[in-house]
Amino acid sequence: MNKAPVLELQQVHKLYQGRPPVHVLKGVDLALFPGELVGIVGVSGSGKSTLLNILGLLDGPTQGRLYIQGRDATGIAGDAAAAMRRRLFGFVFQDACLLPEFTLWENLIIPIHLAGRSPRADELAWARQLLHDLGLGELADRKPSEASGGERQRAALARALVGRPRILLADEPTGSLDEGSSHLLFSLLRESVEEEKMGAVVATHDVELARQYCHRLLSLSGGKLAGS
Amino acid sequence: MPFSLWMAARYIRHRPRVSIVAAGGVAVAVAVMVIVMGITGGLHDYLIGRLLGLEAHLELLAGVDLPLAGFEELLLAVGKEPYVQSVEPYVQGQVLVGRPGSLPRGAYLRGLEDPQVRLAPYLTVSSQDEEGIFIGEDLAMALGLEPGSEAVIIGGLENSRSFAVRGLFRTGLEGYDGGMVYLTLGAAQEMLGYSPYEVAGLAVYLDDPLGAGQHAASLQALTGLWVRSWQDKHKDVLATAQVQQRALLIIVLATFAVAGIGVGNILWLNVWEKRRDIGVLQALGAKRGLLARVFFWQGILLGAVGIVLGLVLGLGLLWLLKGRPIHVPELTFAQQLPVLIKGKDLVLAGGAALMVAGGAGLAAAREAGRQKIVEVLVHE
């Protein structure tokens, strides 16, 4: 495993101002290495999604620093953050979050279009291979509403992988799946992480599943991250 | 095809009913504008055509009620100007007209070198006589005159003469049909007390009658005479027509405003319905500008569909209305609905629709660009 972390958090705090204020993260340290699948477990409301949002530049920390590929990315927001997400990140959300108006294939290649150009032949070939490898080859022309929950989540994983990201973030990706589909998704996730040598963080409440497939398992509780 | 346009087209196609309602609003506005502009343009054009038919485009005068003497050289000089189609001397003045032995009526007498040529398009009845008067149809009817019958013209206390009625004319303009008579120049000079070397002025006809105002200054500089354009002469009629056109345009603009609000509402709702998608796309790396363009394009596409439908609807209805009989007694001059379709009006209607739909799209785009990623993605 490469020693240089692809993603690193140093003493990250997140405080939501409100009545009363909620201190969700209280000095979180995390280093994510290439080829590593890290599971973060915790009860609902423990701050897993908040942590993933900060890792993925969707939200900023109240305090602390975020490094991406060794560079300080704290405070990057707006279009600069969007550009960085497009180049380096892949996201898998709890309920797939595919765009309902588009087929699975179109959903898959949307991230390539977001670069502001037409997909190249090698990118399309990679997208087709992903569809095939994830068992979606026959479903390419279906709309998300015509696919099962497991198929939708695999399509979401394919979408996250199509840009060959260096970092993959998955927030409760098996939250709405049955046991079989959950195992399939986690095994595909681990396989992809190892093959593509990317760093991945998966937030899940399913400790057993995380223990079975993740290289490292961390627990988020009381705003602190600890090895388990 | 740009990605944002592709997405916009898909969003529109995915909600056909809503899209048709939005585009339909634009279509109605475009159709209303095309119809209003077509009919008012047609009426305006018809009116101008009628006014110009008998009017000189420019009149060159020595002054108010001053005869113009020695006009032959001026005729030659003015006739050489490249924009002048023809020029002729005329006399004009008030006379009394009647049947022998009956009560005469006041009328304007105009004398031209060959009145039959000028009146030809408006003659309803004419005789083969080479001498005599042409008289407006309404005036003739009031006086009981018809072609071939004898009319008396009284130009002054001791200046009355009988003429055969050569023809009747109808222009559609009350002032002409009920109050004008035409004679040859020589006869009219005699009746109005002009010498053979004097006229009231020169009547100039131009290649471009609508440019009369511009050429008036040139001819004034050339001749040193007072120049009056047909627009000056009919200022009140033209101003009334323009006010009517503007009033209708305000109604049309209100229609566009309603259409714009309709499109804007639908797009704004669309932004709110698509908040989660907007968040997902932002998470995948979409810049705010790209997302804004998706909604702007939706406005433009709905506008474009509306324009096409509106043009088909508007032009189709104009085609059906064109030439239909008018049953409005006040509109005596036009028995059929005149319609004039100008390319620039169609471009104006299309442009207005695009502006309105584009404006609605911009408002929606602004709203889409303002969505905060965590709020729409995480807290939805």
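Buried area is taken here as the accessible area, computed with a 1.4 Å probe, that two parts lose on being put together, summed over both. The structure is a predicted model, in which local features need pLDDT of at least 70 and side-chain atom pairs count only at pLDDT 80 or more, whereas totals for chains, interfaces and linings use all residues. Residues are numbered from 1 along each chain as its sequence is written, chains are lettered from A in the order in which they are written, and side-chain values use heavy atoms, with hydrogens and water left out.

Between chain A and chain B, about 2,300 Å² is buried, and carbon and sulfur atoms give 67% of this area. Of the area that chain A buries against chain B, 26% is supplied by Glu101(A), Phe102(A) and Leu114(A), more than by any other three residues. Contact (heavy atoms within 4.5 Å) involves 23 residues of chain A and 23 residues of chain B.

Three salt bridges are counted between chain A and chain B, each defined by a side-chain nitrogen of Lys or Arg within 4 Å of a carboxyl oxygen of Asp or Glu. A salt bridge joins the side chains of Glu106(A) and Arg10(B), with an N to O distance of 2.7 Å. On the side of chain A that touches chain B, α2 (78–88) and α3 (104–113) each supply at least two residues, helices being DSSP runs of H or I with at least four residues and strands runs of E with at least two, numbered from the N terminus. The largest share of that side, five residues, comes from α2(A).

The largest pocket holds about 720 Å³ of space; a pocket is an open set of points on a 1 Å grid over the protein atoms alone, where a 1.4 Å probe fits, with protein on both sides within 12 Å along at least five of seven lines, and lining residues have an atom within 4 Å of a point. The volume is the space filled by probe spheres set on the points, which are joined across faces, edges and corners. Of the 32 residues that line the largest pocket, Tyr90(B), Gln92(B), Gly93(B), Tyr108(B) and Arg228(B) lie nearest its centre. The largest share of the lining, four residues, comes from β3(B).
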